[in-house]
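Welcome to my notebook. I opened this structure and jotted down what I looked up, one topic at a time.

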Amino acid sequence: MGYEKTLLEKTIEVDYLVTVHYFEYGKNFNFAAEKHDFWELVYVDKGEATVLSDDVRYALRQGEIFFHKPNSMHAAVANGMVAPNMVVLSFGCKSPAMEWFSGKRLTVGDAEKRLLSMIVKEAQGAFSSPLNDPYTSKLERAESPEAGSEQMVGLLLETLLIRLLRRGNGAPETQKPMSSLKVRTNNQLVHRVIEYMKANVPENLTFDDVCHFSAQSATNLKTTFKLVTGYGVMEYYRLLKVETAKQMMREGNYNITEIADYLGYASVHYFSRHFKQVTGMTPSEYTMSIQAF
């Protein structure tokens, strides 16, 4: 019996990678405009950022992704209020299906978020280049990567693109940008609330406390704060406590018990558990990691 081979059709095939980045930007970062002959994917993992593409501005919020087509002039800036975390992937792909992504802004689902996380993790093992250096222009191969790690990055990226493409023109894209006045008003409100929470990090603020300070209804405050930062109000407050703890550990003037007490935690155990939930490390592990540099 004769067998006939079926050549697999490839809707999207990534030809090469240029950069893989995971940035933890400051709230005032401003990445200069550039143009290049390959695709660039920008995903906001936390916070909010503004991307510019051929003189059009788009506000990207947590969980949103944008595609810059080759040879488009583009840039990215923070809003001065929230420090965003972003994944930026640049790559070459000549597949005609990629045209669908040109200038697309999409909200990603949990499956796509996992793929993005896996891409970053595989890239960390495949390449020695730091993923947080915005001026990296070439990926340096790691000395002893796991088998197939570079290929895995490409396959995961292709899978991500195909999943998004399958959603087609019916994909639930983000709403049109709000008016600049509304954006500014929301940013000012959230900025005041954040400054209030920062000033009261050692306390144990409640959501009612924050509502009273902001002079907003609970519903409006929740909605606006989530829209601007990508976080819930009290979730953000707890993150501020962790960031304060990290700063105090770096300064080295207090032990972990004293830090937990200063920040209003009921016990060192509760503080350690929350710290690990946020950072992936225990306070002791974090202290050891910063002493290594």
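Are H6 and H8 roughly parallel or roughly perpendicular to each other? Before I answer, two notes on the source. I am reading a predicted model, in which local features need pLDDT of at least 70 and side-chain atom pairs count only at pLDDT 80 or more, while totals for chains, interfaces and linings use all residues. Residues are numbered from 1 along each chain as its sequence is written, and side-chain values use heavy atoms, leaving out hydrogens and water.

**Entry 1: H6 and H8**

I looked up the packing of helix H6 (residues 233-251) and helix H8 (residues 268-279), and found an angle of about 100° with the axes 10 Å apart. Axes here are lines fitted to C-alpha atoms, for helices over the stretch in contact, and angles run from 0 to 180 degrees between N-to-C directions. H6 and H8 are therefore roughly perpendicular to each other. The cut-offs are under 35 degrees for roughly parallel, over 145 for roughly antiparallel, 65 to 115 for roughly perpendicular, and oblique for the rest. Helices (H or I, at least four residues) and strands (E, at least two) are DSSP runs, numbered from the N terminus.

Next I checked who meets whom: on the H6 side I noted Arg-238, Leu-239, Val-242, Ala-245, Lys-246 and Met-249, and on the H8 side Phe-271, His-274, Phe-275, Val-278 and Thr-279. Contact means heavy atoms within 4.5 Å.

I then picked out Ala-245, which is found in helix H6. Ala-245 is buried, with a relative accessible area of 0%. Buried means under 20% relative accessible area, exposed over 50%, and partly exposed in between (1.4 Å probe, protein chains only). Leaving aside residues up to four places away in sequence, Ala-245 touches Ile-259, Leu-263, Phe-271 and Phe-275.

**Entry 2: the whole chain**

I counted 9 helices and 9 strands in the chain. Its C-alpha trace spans about 75 × 50 × 40 Å along the principal axes. Of the 293 residues, 43% are buried.

**Entry 3: the cores**

Which residues have the most contacts inside the largest nonpolar core? I found Leu-41, Phe-67, Phe-91, Phe-101, Leu-157 and Leu-161, in a core of 32 residues. Such a core is a set of buried Ala, Val, Leu, Ile, Met, Phe, Trp, Tyr and Cys residues joined through side-chain atoms within 4.5 Å. Strands E3 (39-46), E6 (64-68) and E8 (85-92) and helices H1 (110-126) and H2 (149-166) each give it two or more residues. Apart from it lies another core, of 31 residues, including Val-228, Met-234, Tyr-237 and Leu-240.

**Entry 4: helix H5**

In H5, I listed Leu-221, Thr-224, Phe-225, Val-228 and Thr-229 as buried. Seen down the axis of H5, these buried residues fall within an arc of 105°, so they line one face of the helix. The arc is that of the directions from the helix axis to the C-beta atoms. The face turned away from the buried side of H5 carries the exposed residues Thr-219 and Lys-222.

**Entry 5: positive phi**

Most residues other than glycine have a negative phi, so I looked for exceptions. Asn-71 has a positive phi of about 70°, and is found in the loop between E6 and strand E7 (74-77). Asn-71 counts as partly exposed, at 47% relative accessibility. Ala-215 has a positive phi near 60°, and lies in the loop between helix H4 (207-214) and helix H5 (218-229). Ala-215 counts as exposed, at 66%.
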